[in-house]
Amino acid sequence: MATGAREMRDLEGRTAVITGAASGIGLEACRIAAREGMHVVMADVQADALVRAAAEIRPLLRPGAEMMSIRLDVSQADEVDAMGAATIERFGAPHFVFNNAGVAVGGLIWEHTAHDWAWALGVNVMGVAHGVRVFVPPMLAAAHADPGWEGHIVNTASMAGLVNPPNMGAYNVSKHAVVSLSETLYQDLALVTDQISASVLCPFFVPTGITASHRNRPAELAAGQVTASQAAAQAMIGKAVEAGKVSAAEVSALVFDALREKRFYIYSHPKALASVRTRLEDVMQARNPSDPFAGKPEIGAALRAALRQTR
């Protein structure tokens with residue numbers, strides 16, 4: 001916690017902006033925000049899902065609270081600019097910005113196409129960067145005008161932003177970037193204000209719609225022919241995500257706990273930090289990266305066998 005940072009306890013009457021709001025963690029965050037009495041700005045790239053989600057959230061709003069839903073591709077700067085302008089015109093500077101939209105790309109790192117990289121980095125990294133770029137200046141202005149004003153930004157990364165599991169190259173790179181962006185944001189904010197802070201969410205395997213994110217992939221960034229490694233990655237990630245024991249609702253509750261306490265790192269699966277420790281020890285001791293499958297060698301053996309059969 002930054003020196004002098006205050007806890008943001010009372011959320012009623014404040015404004016939340018949530019991307020990736022039509023499903024998974026984003027939708028659960030909208031539910032909590034509505035029940036807390038916040039104004040809610042819901043943004044998502046999938047228009048039909050957003051309509052359904054907005055219809056669900058609207059009855060949860062407390063009297064006097066309002067909501068706005070915006071179809072948004074977070075990778076597009078002009079669309080985020082427009083969403084920010086609409087939010088500020090209606091509600092003023094938001095108190096809580098949850099840059100949560102994300103997509104999944106797997107496979108051997110040299111098999112990612114230019115389109116794969118553009119899509120993954122565009123949504124996962126630039127989507128967060130645009131959210132920070134658009135909303136931090138008006139939040140700072142609001143804090144400057146009112147010593148009692150408080151704000152918080154949460155960016156969704158992943159445990160893949162703290163470790164480097166194989167066969168997930170573009171996704172790993174994008175989520176490491178979000179962790180770095182978020183840590184820098186936290187430090188930069190602490191230089192100029194005690195009224196606004198930041199957190200990074202690093203979920204592990206949580207049942208959400210991210211494994212089907214390809215359904216919203218723009219035509220101009222269409223995927224090429226699926227390789228064996230990409231098919232294996234999708235199958236393994238899909239199985240792990242759907243078998244996740246921690247729900248999206250539980251993760252969203254952790255986000256709001258961290259928001260209230262101004263706690264930076266948010267983990268859905270603290271036990272997974274053992275792998276982070278191993279990686280950091282590799283770095284500190286200048287040793288080669290440890291076997292990511294040391295705890296479950298049968299998974300590594302199956303993946304190696306599947307991929308080597310195709311080469």
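In the predicted model, His152 stands opposite Ser197 of strand 6. The two strands concerned, strand 5 (residues 151-156) and strand 6, run parallel and are joined by six bridges. Together with helix 5 (residues 169-192), strands 5 and 6 make up a β-α-β unit that is right-handed. On strand 6, parallel pairing also occurs with strand 7 (residues 265-267), through three bridges. Within this pairing, Leu201 has Ile266 of strand 7 as its bridge partner.

Strand 6 (residues 196-202) is mostly covered, with seven of its seven residues buried. In a regular strand, side chains alternate between the two faces of the sheet. In strand 6, Ile196, Ala198, Val200 and Cys202 point one way, whereas Ser197, Ser199 and Leu201 point the other way. Residues of both sets are buried, including Ser197, the residue opposite His152.

The loop between strand 5 and helix 5 contains Asn167. Asn167 counts as buried because its relative accessibility is 9%, below the 20% limit. Its side chain has a polar atom 3.0 Å from the backbone nitrogen of Leu108. A polar atom of the Asn167 side chain likewise lies 3.0 Å from the backbone oxygen of Ser229. When neighbours within four places in sequence are left aside, the residues in contact with Asn167 are Gly106, Gly107, Leu108, Ser229, Ala232, Ala233, Leu303 and Leu307.

Aromatic pairs were examined next. A pair of aromatic rings is described by the distance of the centres and the angle of the planes. Five such pairs are found in a search of the whole structure. One of them, formed by Phe96 and Phe256, is edge-to-face, with 5.3 Å centre to centre and 70 degrees between the planes. Phe96 belongs to strand 4 (residues 96-99) and Phe256 to helix 7 (residues 248-261), so this pair ties together parts that are 160 residues apart in sequence. Phe96 is buried, at 0% relative accessibility, and Phe256 is buried as well, with a relative accessible area of 1%.

Tyr265 and Tyr267 form a stacked aromatic pair, with a centre-to-centre distance of 6.0 Å and 5 degrees between the planes. Tyr265 is partly exposed, its relative accessible area being 34%. Tyr267, with 23%, is also partly exposed. Tyr265 and Tyr267 belong to a cluster linked by ring pairs, which also includes Tyr186 and Phe264.

Methods:
Residues numbered from 1 in each chain as written. Predicted model: local features only at pLDDT ≥ 70, side-chain atom pairs only at ≥ 80, totals over all residues. Heavy atoms only, no water. Buried < 20%, exposed > 50% of the residue type's maximum accessible area, 1.4 Å probe, protein only. Helix = DSSP H or I, 4+ residues; strand = E, 2+ residues; numbered from the N terminus. Pairing = 2+ DSSP bridges. Right-handed = clockwise from strand over helix to strand, strands pointing away. Polar contact = N/O pair within 3.5 Å; in protein donor to acceptor, adjacent residues only side chain to side chain. Contact = heavy atoms within 4.5 Å. Phe/Tyr/Trp six-rings, centres within 6.5 Å; stacked < 30°, edge-to-face > 60°.
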